[in-house]
Amino acid sequence: MAYALQQLINGITLGMIYGLIAIGYTMVYGIIGMINFAHGDVFMIGAFIGIIVLTALSGITSVPLGLLAALILSAALCALYGFSIERVAYRPLRGSFRLAPLISAIGMSIVLENYVQTSQGALERAIPNLIPGGIMLMKQNGFAVQLTWLQIAIVIVTLVVLAVFTYVVTRTPLGRAMRAVEQDAKMAALLGIDTNRTISYTFIIGSALAAVAGVMFLLYYGVIDFYIGFNAGIKAFTAAVLGGIGSLPGAVLGGLLIGLIEAFWSGYATVAYKDAAVYSILAIVLMFMPTGLLGRNEVEKV
Amino acid sequence: MKNLGAILKDSAAVAGAALLLFGPFLGLRLGDNEAGSLTLSPRPGLLAAAVALTFAARLLMLLWYQHRPPRIIPVKLSAGTAQAGKYIAPALLIAAVAMPLLPGIENSYIDLGVLIMTYVMLGWGLNIVVGLAGLLDLGYVAFYAVGAYSFALLSENFGLGFWECLPISGLLAALWGMCLGFPVLRLRGDYLAIVTLAFGEIVRLVITNWVALTGGPNGITDIPHPSLFGLSFSMAGGPGTFAGFFHLTPDPKQRTTYLYYIILALALLTNWVTLRLRKQPLGRAWEALREDEIACRSLGINLRNTKLTAFAVGAMFAGFAGCFFATRQAFISPDSFTFIESATVLAIVVLGGAGSQLGVVLAACVMIGVPELLQSLQIYRMLIFGLALVVIMVVRPRGFIATRQPTVSLGKAKLIGAAMLSEGRG
Amino acid sequence: MTDTLLSVSELTMRFGGLTAVNGLSFAAQRGNITAVIGPNGAGKTTVFNCITGFYKPTSGSITIAHAPGHALRLDKMSGHAIAKKGRVARTFQNIRLFNGMSVLENLLVAQHNRLQAATGFGVLGVLGLGGYRAAERAAIERAKYWLEATHLLERADDAAGSLPYGAQRRLEIARAMCTDPVLLCLDEPAAGLNPRESAALNELLLNIRAQGCSLLLIEHDMGVVMKISDHVVVLDHGKKIADGTGVEIRNDPAVISAYLGEGDEDDADSPVGAELEAGS
């Protein structure tokens, strides 16, 4: 029981991180119908910018300020990364055949991974735990269930970010424009919405969220390397699909589910195959529920 | 130069963005100090160079757009390239066959030829799935791995040799292709891609972690090289070896040449089967599947069988290639079967263009040959590869050879432009 | 004596909360051209998609009889089996050709099943053995026949996607006929055609009927409907509101009110009435 509770806590924390990344996937797929293969690597870049900022500020400022700086700088720079990637690699291919943006995205993913690898080295980088300690929830048979301050911090930050983001999407003109373009791009354009700009904003916001996830990941695991984007990317995409592509609450829900699956699988089955387990979930979900749990039903007009 | 001011402003903006983007990664360098904690060292020179380069590149690009000659695509030109195509293919074939026999050619060049030929074969195999049937498979490396590991395990446990295992590898890979094809039958486009990617990764994870069967990350060693009618290519010379039989001094070039001709033959087999199948109802059904699945259904074509056959046949050739890979290296490990391999082969197929056989050859030569030749750039190899993918997609999304030859005609068959083709409808 | 080819019985199709087709029953006779008409949204394409296997009906049955006494339940068959075993062919509202293949290749794909059988599991064909070459020659002859019937012979080697609109429509019909169907379902075949092309279409459809293939059409163009249909079924809001010959339904008050409205709309609607008249 205690052990399960621990896995639950771990899973939720991890799931929040995946959820943040998943939102980026689901937004982009919803608005321009492509899987942004490079999104996972933007998450990785966010983590690296985080570690660079924290290293630069180490010893100078207090921990909360340092973290805030890391979050803001990382989100801002990753927003620029996301914007640039869309402009350079995807926008020119918008009218082209189906495979073109995907290949370009794969290329972009390889570029980002190797850009970080060649510029910063292939070694993994570690930082000490900046938010140590926590509370012990319960003890059972000598196993202590720990809820760390770090985990609480991650959940809180994620929830705050999600709240802001939900506000933007549901209450602001930008959010309305995004939903309009998602439904019918041509019509939205005819109504005066600048579709290019709206799409750019989608990438900007998605990338900023991924950056937050990256910094959270850095704090949580303490170790990053240039390849974390690949794995996290597929898992986050699985989360987006699980929750239903195009559905934002679905992405978060999917993220939580994936986090829980990964935590429980690691806890009760073999750690070695935890990634394989998540990937299998992706296949199974798409086989039986192609539109995910909360997704829209896409009926092709015959 | 009326817009020079605007061009300069644009370039400056791009350079500014570059400064921000490259700043953390090029301008600073993470390192470790003696205490083991992280340090940052500045690299202003590198950053300045990168920003300046970006500025210059953008400036030149905008100037080029403004001043380039108008593009007239003469109809005759495309017919001309088609004519050239007719002569290029046989010429390349002759060059490929003759290459190892050139006097004084270095072993490393023949070895490069073996490498390129392997990718050509993989490209031709994937071409069946992606180019002909339009099924976007990002996990092709899984079948390559099945072929390689089945040979390695069969030779390790049953002592079978390369030639015996070759058909078995192909068969096992084909079966695996059908197994992987079955769950993805109803998936389209991007979803199909990501699930096949996931399957490829699952295969790699299983290989890496099922240590009892596959040796895990350490892989399998001592895989036998192929023999020629029982003659081995051992460097020891003497009876029972190729060198001994033909009274030659043992030379690594001999085995490499033998391997080269094996892969050349396998690749040509793949090509021949593909060309034949294109003229068969099956090949046409594949192409129709790519064009419009729903129309196929309305014509009575069994989509499930057609798709599964595409996966199976494509996988079979990857299996052959994998078996060959194992025998060439004499050692395999999960590191050779990563997603990057799938991406590379896919890039070769797409860059070659429109499912063209010749295009695959050209793309493989460029994508594999060039990085190997530029050894000094090895560390940047993958970076350049990724950049090349993006650049080529943006500049020429249809690939090198953007036309399709109809498989049957009543009169003079006309080339069909690639703009007519639909891709990846799953 | 009635010789029913296609019998639709209590067909109902629900999409979530929306009932697109509600308890529809009608019969199409062998050798007839049967038209299904009705205002937009009446459920015509839905009925088509049920008959041709693109939707699974919520309830009801669709039966085809290749000969008197034979019966095949189409609603229980998979999409491609309806074309293959049921011998029901169709065209699409939005034209679905294989654009990247030549006109001739399109027609050969249509004969896939027959040709595939001649290749001996594909393997013999690859090796050049078996009766494949003869089968392919026969298939090309059949293709040529339909190309001539649709005036597309000169364009046989052109890319299907490069054909002008009217030619593409004709190609789709030729392709459907190459599957050797007993029932050809046409979804708005006259859409976008000018009067001359419509007249040529009528001729083609009559020719097809003369060859022994029955037709089921969805159409808005009353000229086509009235001139060549033997039997007209009128749908509105998923239900059948009239069923008879062209003359009968033209004077049916239910039909007129469905097209013209109950008088609570402001627009004159006389063009529609005139259209109903114009088809004579």
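Two residues are in contact if their C-beta atoms, placed from the backbone, lie within 7 Å. Please keep in mind that this is a predicted model.

**View 1. Where chain B meets chain A.** Welcome to the contact between these two chains, which takes 49 residues from chain B and 48 residues from chain A. On the side of chain B that touches chain A, the elements giving two or more residues are the helices α1 (4-27), α7 (189-209), α14 (339-352) and α16 (381-395), together with the strands β1 (28-32) and β2 (38-42). Look for α7(B) to get your bearings: α7(B) gives the most to this side, with 13 residues. By residue type, the side of chain B that touches chain A holds 37 nonpolar, six polar and six charged residues.

**View 2. Chain C as a whole.** Stepping over to chain C, you can follow 12 helices and 10 strands. The C-alpha atoms of chain C fill a box of roughly 70 × 40 × 40 Å along the principal axes. The radius of gyration of chain C is 20 Å, which agrees with a compact globule, because a globule of 280 residues would have a value near 19 Å. Of the 280 residues in chain C, 46% are buried. Among contacts in chain C with a separation of 6 or more, 65% come from residues 24 or more positions apart.

**View 3. The two domains of chain C.** The domain assignment gives domain 1 (1-87 + 181-280) and domain 2 (97-180), so domain 1 is written as two stretches of the chain. Where the domains meet, 12 residues of domain 1 of chain C are in contact with 11 residues of domain 2 of chain C. On the domain 1 side, α2 (79-84) and α8 (195-210) of chain C are the elements that give two or more residues. Of these, α8(C) gives the most, with four residues. The residues on the domain 1 side divide into seven nonpolar, two polar and three charged.

View 4. His231(C) counts as buried because 20 other C-beta atoms lie within 10 Å, and 20 or more is the cut-off for a buried residue. Leaving aside residues up to four places away in sequence, His231(C) touches Ala28(C), Gln29(C), Asn32(C), Thr34(C) and Thr245(C).

Note on methods. Residues are numbered from 1 along each chain as its sequence is written. Chains are lettered from A and ligands numbered from 1 in the order in which they are written. This is a predicted model: local features need pLDDT of at least 70, side-chain atom pairs count only at pLDDT 80 or more; totals for chains, interfaces and linings use all residues. Ala, Val, Leu, Ile, Met, Phe, Trp, Tyr, Cys and Pro count as nonpolar, Asp, Glu, Lys and Arg as charged, and the others, Gly among them, as polar. A residue is buried if 20 or more other C-beta atoms lie within 10 Å of its own, exposed if 12 or fewer, and partly exposed in between; C-beta atoms are placed from the backbone. The radius of gyration is taken over C-alpha atoms; the globule rule is 2.2 Å times the number of residues to the power 0.38.
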